[in-house]
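Hello,

Here is the structure you will be working with. Please look through it first; my notes follow below.

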Amino acid sequence: MSAPSTTLPGGTWALGDLEVARFGYGAMQLAGPWVMGPPADRDAALAVLREAVALGVTHIDTSEAYGPRFTNEVIREALHPYPADVRIATKVGGARDAQGGWPTAREPDQLRRQIEDNLETLGVDRLDLVYLRLGDAQGPVAEPVGPAFETLVGLQRQGVIRHLGLSNALPEQIAEARAIAPIVAVQNMYNLASRHDDALIDDLARDGIAYVPFFPLGGFTPLQSDALSAVAARLGSTPMSVALAWLLRRSPNILLIPGTSSVAHLRENTAGAGFVLSADDLAELDRLGG
């Protein structure tokens with residue numbers, strides 16, 4: 001294994017006409033417990049965002065539902081006016097209830113309100129990338145995409161959305177949406193242990209569409225976690241670093257959005273993802289998805 005790179009690993013990818021670093025930042029962990037309420041330490045949250053941009057991160061992933069509102073407000077406080085190369089992606093289609101649940105909110109009036117809220121809390125006139133969040137908290141659900149997606153396409157034509165994407169989506173839903181309007185990214189759960197989207201990733205790569213995996217360590221069985229930890233220990237790294245390095249190697253259209261509320265962990269993630277995995281390392285890691 002080589003030493004970590006001194007710059008963000010992975011190079012760049014084009015989200016439509018917007019170039020972003022493949023190593024980004026996911027802001028979900030900046031909210032309070034269970035992604036509800038304000039950050040436990042607002043100053044630390046501000047510091048993480050500013051350090052991410054200082055390290056070269058140009059792709060920040062958020063949602064108005066994180067908090068709700070609090071995460072977007074922290075992003076605005078930390079970074080507004082935004083550097084010219086920083087792009088913010090957000091998600092709509094879900095809400096929060098008083099119990100911390102994630103009910104769907106995909107009626108046209110709900111989507112329009114969510115877009116208005118994102119514009120307000122982020123302090124922008126146009127959103128760089130908006131994902132339509134499908135399914136539910138348990139994962140994708142086979143259901144029509146058209147009506148909700150068409151609402152966002154209408155808002156895109158009005159100029160308040162630059163690019164569109166889908167999150168928590170099945171391949172057939174992606175095809176349905178693409179028949180209506182272009183998308184630049186898909187955000188689904190995917191990692192070493194959860195490889196259900198392997199074919200989809202390759203198909204999207206051929207069409208120049210980004211794939212943004214969430215939960216890089218989610219869904220591992222105890223045996224898989226133990227195996228990953230063993231590989232990481234042998235390489236002198238951490239399970240997260242190895243998982244991120246593997247994702248960057250998996251396909252050039254994969255964009256990383258690991259989240260953390262710690263500057264130290266942010267630096268560890270960015271450095272660790274730059275480790276070069278050998279052919280033997282990759283073969284051993286690939287077996288975790290079997």
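The second largest pocket holds about 180 Å³ of space. On a 1 Å grid over the protein atoms alone, a pocket is an open set of points where a 1.4 Å probe fits, with protein on both sides within 12 Å along at least five of seven lines; lining residues have an atom within 4 Å of a point. Points are joined across faces, edges and corners, and the volume is the space filled by probe spheres set on them. The lining includes Arg 106, Glu 107, Leu 132 and Pro 147. It divides into seven nonpolar residues (such as Leu and Pro), no polar and three charged (Asp, Glu, Lys or Arg).

This is a predicted model: local features need pLDDT of at least 70, side-chain atom pairs need 80 or more, and totals for chains, interfaces and linings use all residues. Residues are numbered from 1 along each chain as its sequence is written, and side-chain values use heavy atoms, without hydrogens and water.

Strands pair if DSSP finds at least two bridges between them. Six bridges join S6 (residues 127-133) to S7 (residues 161-167), and Arg 133 stands opposite Ser 167 in S7.

Four aromatic pairs were found in the whole structure. In one, the ring centres of Tyr 190 and Tyr 211 are 5.7 Å apart and the planes are at 80°, so the pair is edge-to-face (centres within 6.5 Å; planes under 30 degrees apart are stacked, over 60 edge-to-face, the rest tilted).

Regards

Conventions
Helices (H or I, at least four residues) and strands (E, at least two) are DSSP runs, numbered from the N terminus. Rings of Phe, Tyr and Trp (its six-membered ring) pair if their centres lie within 6.5 Å; planes under 30 degrees apart count as stacked, over 60 as edge-to-face and the rest as tilted.
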